[in-house]
Amino acid sequence: MFDRLPAYAEDPILGLFEAFKADPRDRKINLGIGIYCDEEGCVPVLASVRAAQAAGAGLQGPSTYLPTEGGEAYRRAVRELVFGEADAADIVVVQTVAGTGALKAGADLLKALQPDAAVWMPDPTWANHAAIFGGAGLRVERYPYYDKATGGFDLAGALATLRKLPAGSVVLLHPCCHNPTGVDPSQAEWHALLDAIGERGLLPFFDMAYQGFAQGVDEDAWAVRECVLRGVACLVASSFSKIFSLYGERVGALSVHAPAADKARLLGQIKRVIRRSYSCPPAQGAALVEAVLSNPAWNAQWRGELDGMRRRLRTMRIRLHGLLAEALPQKDFGFLTAQNGMFSHSGLRPSQIEALRTRFGVYLVASGRLCVAGLNDANLDHVSTALAEVCAGEVGP
């Protein structure tokens, strides 16, 4: 069988990172991979996380297995972060291997409990979403999300599709910092979406990888908490790679709000899919997240650091917009400041993206997604000059 192995198509984002590393040029800038970097271009170690490490959070003594669902204190801290003061009686939380593991566990759970359901995801969405849900054996469909004409959210298109779906259909949603566009619905638009979801009996599955990067920790969880207030069942995949700068620790969680469910049975079914996948989650990163969230002083410090990260992203958007508007006053770059989070949908054509890489050493993924977190004082002028040159032709949101 090893003589008949099919070719492997490299992941477009990870493959781009490998190409970037192999580029011998001193002046090269990676705006493709989704990693938050500080003003010096480095992945930061948050002071709140460092304080938890210094205090001994994490491995102490022998390294033993965690429960399949993760530690109780970690799960409680995550529940409070995601759902605020919502009644815990209707919510089940389990630790997962990062946000990707949460999506996979949720997909396997859906396949086991509702095998014929289709998963409707926004067009566009994170490239790995279709692979995860399709790999679990679920049918993957798309609903309109990004309006190319306005550079904003296509509410009319989304509602037109959702209002036709059969009850029990799963709707994938980004509660904040939509990946890859950075376009988020307004609160009024969220109300309209949740109205349609409730009327049709649909099941929201939120992928929340950037809680705190758009407006704030609590503000960014608004759509999830509104589901709880409405009594709508939902799933939430949480990732702590970006917001705790713990990429290599793979810390995440899957939360399920299910008002009508037997919670012990629901937890058992989630544990079942985890057990046959990776058995139990890793300990070190979860211990750090638990310590920071559970300690009032560290929690406040972490939220302050997250505020600073969010402000830096906003500043980079504003400054890049200003430089491009000055260089190309006939073009509209307003989408840069209207979008949220780490990513911006540039609207660049493949030929322009290739020109950025070959001529200027500026790397973007093929979709045109630009990682704003890769910008800083040292490279902003170079990036703006490169973008202005390749954007001399057609460009837009």
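In this predicted model, Asn179 lies in the loop between strand E7 (170-173) and helix H7 (187-200), where helices (H or I, at least four residues) and strands (E, at least two) are DSSP runs numbered from the N terminus. Asn179 is buried, with a relative accessible area of 5%; buried means under 20% relative accessible area with a 1.4 Å probe and protein chains only. Apart from its neighbours within four places in sequence, Asn179 is in contact (heavy atoms within 4.5 Å) with Thr125, Trp126, His174, Tyr210, Phe343 and Arg369.

Strand E7 also belongs to an open sheet of 7 strands, ordered E2-E10-E9-E8-E7-E3-E4 with mixed pairing, two strands being paired if DSSP finds at least two bridges between them. Its edge strands, each pairing on one side only, are E2 (91-97) and E4 (139-144).

Within this sheet, 6 of the 6 residues of strand E9 (residues 234-239) are buried, so E9 is largely enclosed by the rest of the structure. In a regular strand the side chains alternate between the two faces of the sheet. Strand E8 (residues 203-208) runs parallel to E9 and is joined to it by 4 bridges, with Phe206 having Val236 as its bridge partner in E9. By contrast, E9 and E10 run antiparallel and are joined by 6 bridges, and the bridge partner of Ser238 in E10 is Ala253.

Residues are numbered from 1 along each chain as its sequence is written. Local features need pLDDT of at least 70, side-chain atom pairs count only at pLDDT 80 or more, and totals for chains, interfaces and linings use all residues, while side-chain values use heavy atoms, leaving out hydrogens and water.

Note on methods: Buried < 20%, exposed > 50% of the residue type's maximum accessible area, 1.4 Å probe, protein only.
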